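Please examine the sequence and the three-dimensional structure shown below. The report that follows describes how the parts of the chain are arranged and which contacts join them.

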Amino acid sequence: MRTYILHRPQSNPTFSLSQKLEGRKAIDVLAGLCLGVLADGEINSREAEFLRDWIMRHAASLPEFVLIKLVPKLNVLRSGAEAPPEFLGELAKLLGALVGLDEALSETDSSDLVATAGRPSKLIFDDLDEPLSFRGLEVVVTGNFANFSRAEVMSRLLDLGALPRDAAPTNSTSLVIAGQNGSLAWASRQLGRKLERALEMKQAGFDIRIISEESFLAQLAASEQGHVAND
């Protein structure tokens, strides 16, 4: 199985700047390719194969979270073979997340695609299929939140019985929550120390998840509903 290792910035400032610009160019081109695929209302096997081959040729310049999320999916494609519709639908969701969309391809409007220019990628986030029990979980908080201050998020987590941290994840961290006002630098290798460390841990096999502020709000609502029901 192919693995990808997060690259640490080099001490040479000139090399670091060159790497940053190269990464920005590659992700901008990939985002344009994804928008082109999504804009025509469908994605087919030929387009999926083209994206796979392009990503593999430019893997060294792309952000690691793109490789982690897209490459395993694309690697199951067989050249010249038709991909199942459910596979193409799942791929469309990943491409939408890459350019800042959550919607499935069938629900995507062309005006929404144009509005994605400059949006932070949502591809870094994990999906939560069911409500979490926060009690006893070590939770790292990062980024700028649209609905709360960082202190309020920490307070809510304490109320839920979690162990909130405003520092880099440790081996005992189960969850990282990233604020909705994500950094545009996410698209060019600059994820920030906490998110970068979380991805490194995921690659190393640790059971750690990264969720968005939106997902956290949904978890809060589910917890409140459960509390009312228990009362």
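## Elements of the chain

The chain contains eight helices and four strands; helices (H or I, at least four residues) and strands (E, at least two) are DSSP runs, numbered from the N terminus. Read from the N terminus on, these elements follow the order α-α-α-α-α-β-α-β-β-α-β-α.

This is a predicted model, in which local features need pLDDT of at least 70 and side-chain atom pairs count only at pLDDT 80 or more, while totals for chains, interfaces and linings use all residues. Residues are numbered from 1 along each chain as its sequence is written, and side-chain values use heavy atoms, with hydrogens and water left out.

## Burial and surface

Of the 231 residues of the chain, 45% count as buried. Buried means under 20% relative accessible area, exposed means over 50%, and partly exposed lies in between (1.4 Å probe, protein chains only). The accessible surface of the chain comes to about 12,500 Å², and 51% of this belongs to carbon and sulfur atoms. Accessible areas come from the Shrake-Rupley method with a 1.4 Å probe; for residues, only the protein chains shown count as cover.

Among contacts (heavy atoms within 4.5 Å) in the chain between residues at least 6 apart in sequence, 76% join residues at least 24 apart.

## The sheet

Four strands form an open sheet with parallel pairing, in the order β2-β1-β3-β4. Strands β2 (163–165) and β4 (209–212) stand at the edges with a single partner strand each, so one side of each has no neighbour in the sheet. From one strand to the next, the twist averages 25 degrees. Two strands pair if DSSP finds at least two bridges between them. Strands of a sheet pair through backbone hydrogen bonds, either parallel or antiparallel.

Strand β1 (residues 138–142) pairs with β2 in the parallel sense over three bridges. Within this pairing, Val 139 has Pro 164 in β2 as its bridge partner. Helix α6 (residues 150–159) packs on the sheet and touches β1, β2 and β3 (173–178); the direction of α6 makes about 165 degrees with that of β1. For such angles, axes are lines fitted to C-alpha atoms, for helices over the stretch in contact, and angles run from 0 to 180 degrees between N-to-C directions.

## Helices α7 and α3

Helix α7 (residues 193–203) lies across β1, β3 and β4, and runs at about 140 degrees to β4. The buried residues of α7 are Lys 194, Leu 195, Glu 196, Ala 198, Leu 199, Glu 200 and Met 201. These buried residues pack against α3, β1, α6, β3 and β4. Just after α7, Gly 205 takes a positive phi of about 100 degrees.

In helix α3, nine of the eleven residues are buried, so α3 is largely enclosed by the rest of the structure. The buried residues of α3 include Phe 65, Leu 70 and Lys 73.

## Salt bridges

How many salt bridges does the structure hold? There are seven, a salt bridge being a side-chain nitrogen of Lys or Arg within 4 Å of a carboxyl oxygen of Asp or Glu. One of them joins Lys 73 and Glu 90, with the closest N and O atoms 2.2 Å apart. Lys 73 lies in helix α3 (residues 64–74) and Glu 90 in helix α4 (residues 85–98), so this pair ties together parts that are 17 residues apart in sequence. Glu 90 is partly exposed, at 40% relative accessibility.

Another salt bridge joins Lys 202 and Asp 126 (2.9 Å, N to O). Because Lys 202 lies in helix α7 and Asp 126 in the loop between α5 and β1, the pair ties together parts that are 76 residues apart in sequence. Lys 202 is partly exposed, at 23%, whereas Asp 126 is buried, at 15% relative accessibility. Asp 166 and Lys 194 also meet in a salt bridge (2.6 Å, N to O). This pair links Asp 166 in the loop between β2 and β3 with Lys 194 in helix α7, 28 residues apart. Arg 150, Asp 166 and Lys 194 are linked in a network of salt bridges.

## An aromatic pair

A search of the whole structure finds one aromatic pair. Rings of Phe, Tyr and Trp (its six-membered ring) pair if their centres lie within 6.5 Å; planes under 30 degrees apart count as stacked, over 60 as edge-to-face and the rest as tilted. The ring centres of Phe 134 and Phe 216 are 6.1 Å apart and the planes stand at 80 degrees, so the pair is edge-to-face.

Phe 134 lies in the loop between α5 (110–114) and β1, and Phe 216 in helix α8 (residues 213–230), 82 residues apart. Both Phe 134 and Phe 216 are buried.
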